[in-house]
Amino acid sequence: MELAEENLNEHHLDEKEVVDVVVRFAGDSGDGMQLTGNNFTEATALYGNDLSTFPDFPAEIRAPVGATFGVSAFQIYFGANDVTTAGDALDVLVAMNPAALITNIDNLVDGGLLIVDSGAFTAKNLAKAKYQENPLEDGSLDRFRVLEIDITKQVLAAVEEFNLGHKTGVRSKNMWTLGLVLWLFDRDRAGTIESLKTKFASKPEIASANIAALNAGHAYGETAELPAGIHVYKVPKAKVSPGTYRNITGTNALAWGLIAGSELANIDMLFASYPITPASNLLHELVRHRDFDINTFQAEDEIAAVCAAIGASFAGSLGVTSSAGPGIALKAEGIALACATELPLIVVNTQRGGPSTGLPTKTEQSDLNMALHGRHGDTPMPVIASSTPTDCFDAAIEAVRLATKYMTPVMLLSDGYLANAAEPWKIPDFSEFEPFPVEHYTKAEGFKPSIRNEETHARVWAKPGTAGLEHRIGGIERSFDTGDISYDPANHQKMTDLRQAKIAGIANDIPLQEVCLGNETGKLAVVGWGSTFGAIHQAVKRARSEGLDASHIHVRYMSPLPRNLGDLLRGFDAILVPEMNTGQFVQLIRSEYLIDAEALNKVAGQPFKIGEILAAIHEKIAATGSKS
Amino acid sequence: MNQALPKLTVKDYASDQEVRWCPGCGDYAILKTIQKLMPTFEQPKENQVFISGIGCSSRFPYYMNTFGFHTIHGRAPAVATGVKLANPELDVWVITGDGDGFSIGGNHMLHVLRRNVDLQILLFNNEIYGLTKGQYSPTSQTGTRSPSSPTGSIDLPLAPCEVAIGSGGTFIARTIDTQAKHLAEVVTRGHDHRGASFIEILQNCPIYNDGIFDQLKDKKVAADFKVELVHGEPIVFGKEQEQGIRLNHDSLKLELVDATSDDILIHDETNKVLATMLATMKGPDFPVAVGVIYREEKNSYVDDSQQQLISVRAAKGSMAELLTSGHTWEVE
């Protein structure tokens, strides 16, 4: 299906109270937009709104000042109802320079609020952004509420007493702006002040200057004569279930899920990886938590990383490796070794735009085929896809459970959006998680490395250091009976069948597929996997509120598929599969179940918008209706 | 714990697998020597692990009655690093060849040496690809005629010991497959070394590269073609130990001189510059050096990793504390 977008028609800054708002902070890479966004997120979470965030930064570390390709942005969607995406169109855009304006203004709704630092709209910056005329003067912004402030000048005045000089003083621009936006949505500054004190503990004058700028921005909102229609907007608190909450990114949730998995399995973990965007943060997070039974190893390359993880698994720890698409491709031979030798291994793929270097900082779901099929030989392995930042925690635990129980490599899929996006998380009670302790084999009498669990087909895990269990394993085909090298034709057939049966059998050990929103049968099922969850969920919710018969099914277990999925899908007249690739899961559904599922694809490096999926639902239901 | 160990013999180290190297292969001699040597380390057999890549030499672990892992081409150093990080108590050996270790696996060799991971790395160098039927390898002499170079190879060969020193290796030695006593001595010293021990074993391939090291083995001529390095001893060779090696202080090059010369080099295992020169010596102008060429004490990667773990694990992590760390808020 062609990608189209419907305007959700939600610009509503006319009212003093609004149900939900999308705010985007955009500026130069060096302007501190991510820090601003994170602090606003904290304040919003404390205020009690549901929220979702989406950091969108360039691949360049320090792009030339004022360049359009150096624009770094942070988007937050918050409101009184459940929020599962970072939002479609913007209600508020903060543009710190002309480049930030020109790259984001098209997403601001008519009547939306634009806050610009007029001090940055110099002839030089305008030229860098390729503006022929100053948009602040040519009337092109008339359809928006525009708040033009010379923020640079305001900041310098606010921090004057600290004698920091122009260059350092100006760097507090982001905090001044944050102060203003906090005022705009009636958010508390206390959390930001605390975090500034901590961040600049060794430079108290910098902390003080930033706090002064923050307060000055807030005071500006309170005291200045603002244009008509710009005032404090109240966003009612969301109705959320009681408990202790925190914000968490997908990367951190995934890292913590791996730690939790190692605790539940009562096993040491070696996390071996090689730096690659957007997967590196997983290593950065885990290395900070070696107080658990976790060790980390920054390998010399992707291949060494997977091989060190396999070595650790051979030695009785759980080996985990992580990368993005290009790195996973390099690991393929190692993954097949883990499959052949039946050792546990977790491979995390934080997908990014491909092929090749592609779009390293942008999101995509185009490695599904590689996850399912991208190895030599008949090399099946379970593939699990996490769907939201917080779901990464549970998905990682599940990966540990399957890898250790079935003695198999497991592919755990995340993506650039999930990795960096954050959402509030009701902190689970860890004592309620069911442990699944690993038992290494120790019985020397009658030992063979080929002994396996009859039910799971899992091979014994006999680790070096255990007396009487000395044995050899390797990539050459092994005898089913002894584990020794075997070139016997019938044995290879048997072992190939065994490897297939072992992974296929996992379908009996995973939950049945549920419908996460809507009816169990009906006109249309929108079937997704991975990070499209939020956008699909909101789109289906809106379609249902319009009275349309649509359901949302979101698949976590990509291989083996839940054993009821085929029957479930057959209960719908039509199936729509939105994916951030050219149609990889839809092909699987079509070939696996002979169902006429239709693809909706987007590969723009950006997540789906709710309106894009909603438009497809409307079109699909209209077409299905006319058929019946 | 050691006194409780049963006395092990060479038989305890032979696995039940049929050895499948070609008749006359130098690997048999190495296998026998290592099997004999293992009991002398007086370690629990279950703590000894052999890890290999791909190639003729990499079949070695199948024939050792220890833990063994026949992995994938070139990656044994990386797998071994993971094994050692997971369990530093294990005595981990890497078995590799010239193609496995320095062609497809060159990067891992470089990094395992510079990290100084506590392993014994035995590189069987036969200067040819055996298992794939005789193509020239990165250590083959230029002009080697092979199925993939019928008119002679044009690659310039690399010298494993020289590369190992350049990679930051802390124990570099060379020995010969059939010289059991020398092989055992060198490997024992490598085993005693804390860190990565790199031992190049010149190994004959009777099928695809037969006799390339004959000059170093033939009792009649070997003394003229190789020099046995002994730490603290003059570097002399020849049937009557009549030749010596000295450093020309003007050219900064090694040269052969009469053994009676008063400036014969005394072998210093800890001198990296001289070690590099000795490692690259070859015929026809120079004898080939065997023995421990270079040795240096440096922190081992796994020891340092363990030290960091001990320090960060002073207080064991708590999942409940982790989950509630940082900013949290209550919803009632």
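Analyst: Happy to; we will take a helix pair, then a strand. This is a predicted model, where local features need pLDDT of at least 70, side-chain atom pairs count only at pLDDT 80 or more, and totals for chains, interfaces and linings use all residues. Residues are numbered from 1 along each chain as its sequence is written, with chains lettered from A and ligands numbered from 1 in the order written.

User: How do helix 11 of chain A and helix 2 of chain B cross?

Analyst: Two packed helices are described by the angle and the distance between their axes. Here, the axes of helix 11 (residues 302-314) of chain A and helix 2 (residues 76-86) of chain B come within 6 Å and cross at roughly 45 degrees. Residues touching across the pair (C-beta atoms, placed from the backbone, within 7 Å) include A:Cys307 and B:Val83. By class, this contact has 14 nonpolar, three polar and no charged residues.

User: Is strand 3 of chain B buried or exposed?

Analyst: In a regular strand, side chains alternate between the two faces of the sheet. In strand 3 of chain B, B:Asp91, B:Trp93, B:Ile95 and B:Gly97 point one way, B:Val92, B:Val94 and B:Thr96 the other, and all are buried (20 or more other C-beta atoms within 10 Å of their own, with C-beta atoms placed from the backbone). Seven of the seven residues of strand 3 (residues 91-97) are buried, so this strand is largely enclosed by the rest of the structure.

User: What stands opposite B:Trp93 in strand 4 of chain B?

Analyst: That is B:Gln120.

Key: Axes fitted to C-alpha atoms, helices over the stretch in contact; angles between N-to-C directions. Helix = DSSP H or I, 4+ residues; strand = E, 2+ residues; numbered from the N terminus. Contact = placed C-beta atoms within 7 Å. Nonpolar A, V, L, I, M, F, W, Y, C, P; charged D, E, K, R; others polar. Buried ≥ 20, exposed ≤ 12 C-beta atoms within 10 Å, placed from the backbone. Pairing = 2+ DSSP bridges.
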